[in-house]
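This briefing is intended to be read beside the sequence and the coordinates. It is arranged by topic.

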Amino acid sequence: MTGMSRFMVNEAEVAAKVMDGEAILIDLSSGKYYSMDLVGGFVWSLLSSQHSVEETIAAVTAHYEVAEERAATDVKKLLDELQKEKLIVASNAESAAVAAPAAPAEKSEYTEPKLYTYEDMGDLLALDPPMPGLTEVPWEGADNKTEEGK
Amino acid sequence: MFKIKKRILYWTQLFYPYVGGVEVLGTRFIPTLEKRGFEFIVVTSHGSLDLPDEDEHNGIKIFRLPFQTALREKNFEDMIIARRRLQQIKQTFKPDIVHFNFTDPSIFFHWQTQAAHPAKTIVSIRLAVPSAPASEQSLLGQTFRNADWITTNSRAMLADVRQAVPETVDYSSTIYNGLEQPKISPDPVSYQPLHLLAIGRVVPEKGFDVALAAMPEILAKRPDARLTIAGDGPEKAQLEKQVETLGVQSAVNFTGWVTPEKVYELINGASLVVVPSRWREAFGLVALQASQMARPVVATEVGGLPEVVANGQTGLIVAKENPTELAKAVLHLADSPEQSAKMGIAGRERAKEMFNWDKHIDEYEQLYQRLLRSAEVD
């Protein structure tokens, strides 16, 4: 990986969405969920739209109160994790798919971008499988009352 | 002096109009604590019914969010809706405490929206969770680490939580389920004929097939024995087939689904209640209901059941998946009517003492107050 390396979402296996600045990713084969908060979501939206590592670091320093050196360390660390989890893959694109957002007049507070993993989401969803007609019996039926008789 | 009510956001996978144990408990829990000066709203899912997003039941404001479709169907549109509505609800209601009843992973959305309005978080474990160590890369691990307090309804579940994340030992406790006294009084127990009762969702985890497999051994000694299985579920057809294969059709009766109110009547007509579960029951509400009606219980040694049924005092505990042991325990009780009647009475006393409603409510009120005081210190 170099500063010029570009990446894209591993679309064959991953669904991703940035909502209100925060990213949620789902590994469709394993059922694992991931999230990244505001700075993480910002980095994700840049990296996943094929901005190079250098361009991403530059955008982070333009948007947040952070020194370039620290931004570089944090972005590369996050990138390593995203690659390790196979959430992004290398791209041959020579430029980003979309332009980086314009630098704001005032920079925002910086926190280290982190990838939160929820490896047990599938297991937890299976804890209490839906059983229509069992736990889900309306009270009207339970009370043997009709709509009129309530 | 005017006192500001403390606000509790009560979160449960399903609520009114559903009638599972947690849902029914919630509909009684909230009004009782409202009388003690707390203000509640309920955040829940729609379930499978077409229910309004906002609703009210007996004065309790209910907000239904699409958590289930968002997570189960990996539906990003619903995730956005759930997240934004939850943020708005938190910002408007400004809860002092979020009380999450853990039966599903919708707590994911709570952690995602903590910044909207920080509140103390109580996580009440309502079903068995994996007891293996829970890593920081898991929702369960993060939930147990981030919670301000964790309650379980049995010591077995508390041990599981502490095994999953050992530091929870400092902020976890057991608050046993409590039930109000049934409206009907127990009739004297009859063992002629021998009437066995099993109640619950007809799913493999409940082990009703083990109770059926015990019937030939029971019938060999007590031809008058009858087993009633009250409940409904996907396993029913399989069980009916098993009844035919075993040739015990005349001794087994399926009632189908019964209303919560009818449960006590059914228990009143039974000689004893069997709880043959093979999964880790977090508590064992049916066993408690049986004790309330002075019926001895034969239950398996899983999860919280051995805490609800005191072995040798209020019933007998047997190994799971063991029809012979189950049959022996049933026959032992049937052959010792005096001892069994004493067990039933002891169970009723123990239910009043250990699992009573007021105690349950008092302990939650104390927990709420304790967390509110710590919030003031923070």
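The model is predicted: local features need pLDDT of at least 70, side-chain atom pairs count only at pLDDT 80 or more, and totals for chains, interfaces and linings use all residues. Residues are numbered from 1 along each chain as its sequence is written, chains are lettered from A and ligands numbered from 1 in the order in which they are written, and side-chain values use heavy atoms, with hydrogens and water left out.

**Interface of chain A and chain B**

- Chain A and chain B bury about 3800 Å² between them, with 64% of this on carbon and sulfur atoms; buried area is the accessible area (1.4 Å probe) that two parts lose on being put together, summed over both.
- Chain A brings 35 residues to the contact and chain B brings 48 residues, where contact means heavy atoms within 4.5 Å.
- Across this interface there are 10 residue pairs in polar contact, both residues being at pLDDT 80 or more. A polar contact is a pair of N or O atoms within 3.5 Å; within protein, one must be able to donate a hydrogen and the other to accept it, and residues adjacent in sequence count only if both atoms are side-chain atoms.
- On the side of chain A that touches chain B, strands E2 (14–19), E3 (22–27), E4 and E6 and helices H4 (121–125) and H5 (139–142) of chain A each supply at least two residues. Helices (H or I, at least four residues) and strands (E, at least two) are DSSP runs, numbered from the N terminus.
- That side of chain A divides into 20 nonpolar, 6 polar and 9 charged residues. Ala, Val, Leu, Ile, Met, Phe, Trp, Tyr, Cys and Pro count as nonpolar, Asp, Glu, Lys and Arg as charged, and the others, Gly among them, as polar.

**Salt bridges**

- The whole structure holds 22 salt bridges over all chains, and 4 salt bridges are found across the interface of chain A and chain B. The rule asks for a side-chain nitrogen of Lys or Arg within 4 Å of a carboxyl oxygen of Asp or Glu.
- Arg83(B) pairs in this way with Glu22(A), the closest N and O atoms being 2.9 Å apart. This pair runs between chains, from helix H3 of chain B to strand E3 of chain A.
- Arg83(B) also forms a salt bridge with Asp20(A), where the closest N and O atoms are 3.8 Å apart.

**Second largest pocket**

- The lining of the second largest pocket comprises 30 residues, and Ser35(A), Asp37(A), Tyr116(A), Tyr118(A) and Gln142(B) lie nearest its centre. On a 1 Å grid over the protein atoms alone, a pocket is an open set of points where a 1.4 Å probe fits, with protein on both sides within 12 Å along at least five of seven lines; lining residues have an atom within 4 Å of a point.
- The lining divides into 9 nonpolar, 9 polar and 12 charged residues.

**Backbone features of chain B**

- A cis peptide bond joins Tyr16(B) and Pro17(B), with omega about 10°; Pro17(B) is in the loop between strand E1 (6–11) and helix H1 (21–34) of chain B.
- The peptide bond from Gln192(B) to Pro193(B) is also cis, with omega near 0°.
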